[in-house]
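Subject: Structure for your review

Dear colleague,

Please find the structure below, together with its sequence. My notes on it follow.

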Amino acid sequence: MKLSDNEKRNIINMIQAGKNLPEKYRFLLFEDSREIELKWNGKSNEITNIALPFQIIEQIDEPRKEDQILEQQLLDFRKTSAGNTWNNKLIWGDNKFILSSLKNGPMRDEIEKQGGIKLVYIDPPFDVGADFSMNLEIGDYTYEKQPNVLEHIAYRDTWGKGNDSFLSMIYERLKLIKDLLADDGSIFVQCDWRVNSSIRKILDEIFGEENFCNEIIWKRKTGSTSQIGTKTKRFGHGTDSIFYYRKSQENIFNPQYGEQDPNYIKELFRHKDPDGRLYQSDNLANPAFRPTLRYEYKGYKPPKNGWAISLEKMKEFDKDGRLVFPKSIDGRIRRKRYLDELKGKPISNLWDDIGQLSSQSSQRMNYPTQKPEELLERVILTSSNPGDLICDFFVGSGTTSAVAEKLGRKWICADLGKFAIHTTRKRMISIQRELKKNEKPWMAFQVLNLGKYQRQHFLDDKPFAKDEISLKNRNIKFQEFENLIFEAYKANKVEGFKTLHAKKGDSFVSLGPVNQPLSRNHIEEVINECIENNIIAVDVLGFEYEMGLFPTIQEEAKKKGLRLNYKQIPIEIFDKRAVEKGQVIFHDVAYIDFKCNVVNNKISVELSDFAVFYNEESFEFSQDTKNNRTKVVVENGQIIEKKRDKDGVIKEKLLTKKWHDWIDYWAVDFDFESRKEIIKIEDENKQFLDKWTGNYIFENEWQSFRTKQTDFQLELRTSERECFKKSTKVAVKVIDIFGNDTMKVIEVDL
């Protein structure tokens, strides 16, 4: 700080007099800072810093083990250099908690053993209400699946306060992503015209302006023209921005090339000789060029300006097969290296050679924000190498994981939308099948979520605390949570019972455990207490139900004169705003029935029944709805087309005519309970210890699902599977057309 004595006195006098300092003193008192920071309402540097264990929902090692043409274990493709097995990971949940748990939890060590995350690509949702909407094929009809409550909440949190809330959402996630990236890692963030300027400044702040690589302009071949006109007074939007940043200057970068440009090739060879140096110019006065070397070689005359290498060098190249001779004696001899290495014109930051997906594309998953595989292929090839780990935390239809798998990369992908996870799972199994068919290696993947561990954190963020205050606070929190559930279910609490906690209308309500599956023992206690008190109807609320609990215990209760209704507590219960607005819906647990056929120690499974009990909110045609209009709705577990004819009469047509119309996917584990779910829990000493959760991992051995390639048809019977045990537990998982899953387990004697 260089101030004269006079300037110092003036500053002191003005401050004592309460006057503002002139502008010139700002530059004299403070260092010049070139940093530009984006400000918005609600901006905070507080970052989620929890580490929740991931719950392994499903393991897919190999698609459809019906033949042994290719033995996966012989390929050794899933082995890392350290000898550890890596499973790709598809994670359902809020990516804020997922990123924080990846960063702070035990999976961080697993990631580091793979060399760290080399690339993150994200295409976050923008101010588009359709981000969570899906078109579902129901026979010859299309049903638009609206966002569920959880997705509505996420959308409201993201855009409830306009750009301010969106920027807060993306800011926190980008900071977590930076901490996860390897030192030689990169990030690509795709956005459109609505937020690209803000995203650029946030990325500058987090990654540093010095680590900005490119703003890639993706020019879609079919740009929008809907906004061109005298009303909007602007051009249509036909481009997206993809911001490319590196974590450090050590980043991986592999140049990419487009189609060969004949003019570019001609220009390249006009300036280079077979030795990689410049040809001599016609302007002999130019000191940059060497003297002319004039001689014939194998009958080929030198170029007008002579050869650039000696005869001895020419012979050496020819002997090594490094020369390419033209067809015409008047042509130019070239060095083979250039023709081998030249893949085309180097790609610039204008990507105008990749179009949008056509409606008939084989890639299309009917997902509204889906991007073409060619786009992700270029991103992945640019900033990663085979075997590297890449991530996408807004995976949508699974394009990133699909391309990563095909290019031999490891991946972690996540999404909040349950249907997005289901769409990606089907897509990845299809790719596994294709790779297996072509005798190419594939990688196993797991489906995970934070499930009950997120519930546990919601209720108790200090599970090891034993002091009196912590125990008291824990009990208060549990009671508050119970009240929240009963408020959402519109039930009133009751006292004096052991297993009955509330009452709704004529039915009592029993709330199952919060942090573990609702067990058969709990239901048996409910039945006994109801018989003792002459109670005939109970609604059982549970987050998860013990595998194989239905339908046998349902029949036992019915024989004793007790009607049990099982309800699923939705994950939306964790948002108090949704509860207060009455948006939380408790669905009946879906029903599955199947039979196992056993012949000579070989098992096959046949799916025989499935039922759901969904309802939309009450449906009515508005007064201004024109006649001859239709709408597809869900009522009482059926999908119905409602049409108001020309006379205003509403007619209905049932679309789900068969029970399997509700099924989109089903899979079988022929030896359930063969693999325990082991997680790492941090103890009071900050050490991660292995712990069995009491659950088992569903190992997906056989599956059938609807795709365009199968004309949306399902197989309802599996292939045979040989089993050498005296008995086994067979688990069947069914996922309905809305992406909700149900599972049932039965024991089979062989």
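At roughly what angle do the axes of helix α4 and α7 cross, and within what distance do they come? The model is a predicted one. In it, the axes of α4 (residues 95-104) and α7 come within 10 Å and cross at roughly 25°. Because angles under 35 degrees count as roughly parallel, α4 and α7 are roughly parallel to each other. The crossing of α4 past α7 is left-handed. On the α4 side the contact is made by N95, K96, L99, S100, L102 and K103, and on the α7 side by E172, R173, L176, I177, D179 and L180. Sorted by class, the contact of α4 with α7 has five nonpolar, two polar and five charged residues.

I199 is in contact with F166, I170, V189, C191 and F243, leaving aside its neighbours within four places in sequence.

N211 is found in the loop between α8 (196-207) and β7 (212-219). Is N211 buried or exposed? Its relative accessibility is 7%, and because buried means under 20%, N211 counts as buried.

Helix α12 (residues 373-383) and helix α13 (residues 399-406) pack at an angle of about 60°, with their axes 9 Å apart. The range for roughly perpendicular begins at 65 degrees and that for roughly parallel ends under 35, and α12 and α13 are therefore oblique to each other. α12 passes α13 in a right-handed crossing. The residues that meet are E373, L376, E377 and I380 in α12 and T399, T400, A402, V403, A404 and K406 in α13. By class, the contact of α12 with α13 divides into five nonpolar, two polar and three charged residues.

How many of the eleven residues of α12 are buried? Eight of them are, so α12 is largely enclosed by the rest of the structure. The buried residues of α12 are E373, L375, L376, R378, V379, I380, T382 and S383. Of these, E373, L376 and I380 also take part in the contact with α13.

K490 has a positive phi of about 60° although it is not a glycine. K490 lies in the loop between α16 (468-489) and β15 (492-493), and at 58% relative accessibility K490 counts as exposed. N600, likewise a residue other than glycine, has a positive phi near 55°. The loop that holds N600 runs between β21 (591-599) and β22 (602-611). With a relative accessibility of 68%, N600 counts as exposed.

Yours sincerely

Note on methods:
Residues are numbered from 1 along each chain as its sequence is written. This is a predicted model: local features need pLDDT of at least 70, side-chain atom pairs count only at pLDDT 80 or more; totals for chains, interfaces and linings use all residues. Side-chain values use heavy atoms; hydrogens and water are left out. Contact means heavy atoms within 4.5 Å. Helices (H or I, at least four residues) and strands (E, at least two) are DSSP runs, numbered from the N terminus. Buried means under 20% relative accessible area, exposed over 50%, partly exposed in between (1.4 Å probe, protein chains only). Axes are lines fitted to C-alpha atoms, for helices over the stretch in contact, and angles run from 0 to 180 degrees between N-to-C directions. Angles under 35 degrees count as roughly parallel, over 145 as roughly antiparallel, 65 to 115 as roughly perpendicular and the rest as oblique. A crossing is left-handed if the near helix is turned anticlockwise from the far one by less than a right angle, and right-handed if clockwise. Ala, Val, Leu, Ile, Met, Phe, Trp, Tyr, Cys and Pro count as nonpolar, Asp, Glu, Lys and Arg as charged, and the others, Gly among them, as polar.
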